[in-house]
Amino acid sequence: MGEAVRLAHLARPHPNPQVGAVLVKDGSVIGSGFHTGPGAAHAEIEALADVGEAARGATMYVTLEPCSHHGRTPPCADALIAAGVASVIVGEADPDARVSGRGVARLREAGVEVIDGLLDESVDPAYMFHRRTGRAMTTLKSAITLDGQLAAADGSSQWITSQQARRHGHELRAKVDAILVGAGTVIADDPLLTVRLPDYTGPQPRPIVVAGARPIPSDRRIWERDPLVLSSGPWTGRGTALPVAGDDSHVDLKAALVALSEHGYLDVLVEGGSALSGALWRRGLVDRGVFYVGAKVAGGVGIGPFDGTFATLADARSVDITAIHQIGPDVVIEFITE
């Protein structure tokens with residue numbers, strides 16, 4: 001199953017799930033596959049194609065419940081039955097209403113032994129989140145000083161964290177579908193929002209810009225990458241407009257995350273400033289967080305990671321810290337809000 005998980009992570013097939021599959025017979029791996037995207041063969045079919053008749057009597061390890069419905073491709077459960085696979089070890093159930101439990105039931109009805117629920121952690125949390133909520137999952141990335149400052153009062157923030165931490169941030173970018181920023185970040189920082197790692201050859205995340213009342217200069221580097229621009233009103237600037245609900249100057253952020261998921265962006269990294277981060281936080285739209293805490297003390301009040309006033313302790317919300325680790329001189333804290 002560990003090899004199936006590794007294979008699943010080789011592609012970013014959203015809005016379809018990441019899935020890996022491995023066929024084992026007589027104690028040896030005889031075939032494997034992973035899903036690359038909508039319309040492509042599913043992981044199970046890729047693995048079966050590897051081995052042909054040798055699949056008869058084999059065991060398949062697959063990270064997600066095999067489908068049992070006709071979509072762009074035929075049902076995987078039927079293909080496994082036809083191939084004579086003797087047993088299927090399933091990592092986790094598929095919450096999609098067209099599949100949920102039906103794939104496992106179809107296999108068992110045909111006499112295939114099934115062991116399910118083998119994985120403790122989801123291979124594709126963003127896919128699972130979208131099937132539960134109908135919107136994209138957000139991960140808020142922030143770099144702060146030990147005393148909680150995102151930037152100095154003059155707006156300077158380069159660099160609060162070390163080169164090692166910044167590399168880790170690029171590794172984080174490499175795992176998501178899109179990076180979301182506000183217009184203020186584009187105006188002030190002129191970011192490219194690309195993965196810049198030595199020898200990286202994978203897909204680049206799509207840049208997403210939340211338009212506001214301020215015009216964005218036409219010479220910003222982001223336009224080179226044809227970003228999606230979320231706007232509640234008519235958008236006449238560069239990039240590809242994605243209209244969403246809202247008023248003339250404020251985008252409905254929940255509607256924006258639903259719209260992004262409908263376009264296949266299920267895993268969204270938020271790298272905006274305090275205004276966008278604060279707006280998402282107040283609306284309960286921050287699902288995960290990765291905070292890089294630099295080995296620096298500001299020693300005063302500059303700009304915090306969220307705008308607005310922290311009026312009373314009752315306003316604070318508890319999170320579940322899932323990991324703390326040191327990278328170079330800095331510390332990375334990961335959390336979820338669910």
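Q: Leaving aside its neighbours within four places in sequence, which residues is Leu230 in contact with?

A: Contact means heavy atoms within 4.5 Å. Leu230 has such contacts with Leu180, Ile208, Val209, Val210, Ala211, Leu242, Val244, Val251, Ala256 and Leu260, leaving aside neighbours within four places in sequence. This is a predicted model, where local features need pLDDT of at least 70 and side-chain atom pairs count only at pLDDT 80 or more, while totals for chains, interfaces and linings use all residues. Residues are numbered from 1 along each chain as its sequence is written, and side-chain values use heavy atoms, with hydrogens and water left out.

Q: Which residues touch the most other members of the largest nonpolar core?

A: In soluble globular proteins, nonpolar side chains tend to be buried together. A nonpolar core is a set of buried (under 20% relative accessible area, 1.4 Å probe, protein chains only) Ala, Val, Leu, Ile, Met, Phe, Trp, Tyr and Cys residues joined through side-chain atoms within 4.5 Å. Here the largest core has 29 residues, and Leu180, Leu230, Leu260 and Leu280 touch the most other members. Helix H8 (253–262) is among the elements giving two or more residues; H8 gives the most, with five. Helices are DSSP runs of H or I, at least four residues, numbered from the N terminus.

Q: Which residues does the second, separate core include?

A: Ala43, Val51, Leu64 and Tyr127 are among the 28 residues of that core.

Definitions and conventions
Buried means under 20% relative accessible area, exposed over 50%, partly exposed in between (1.4 Å probe, protein chains only).
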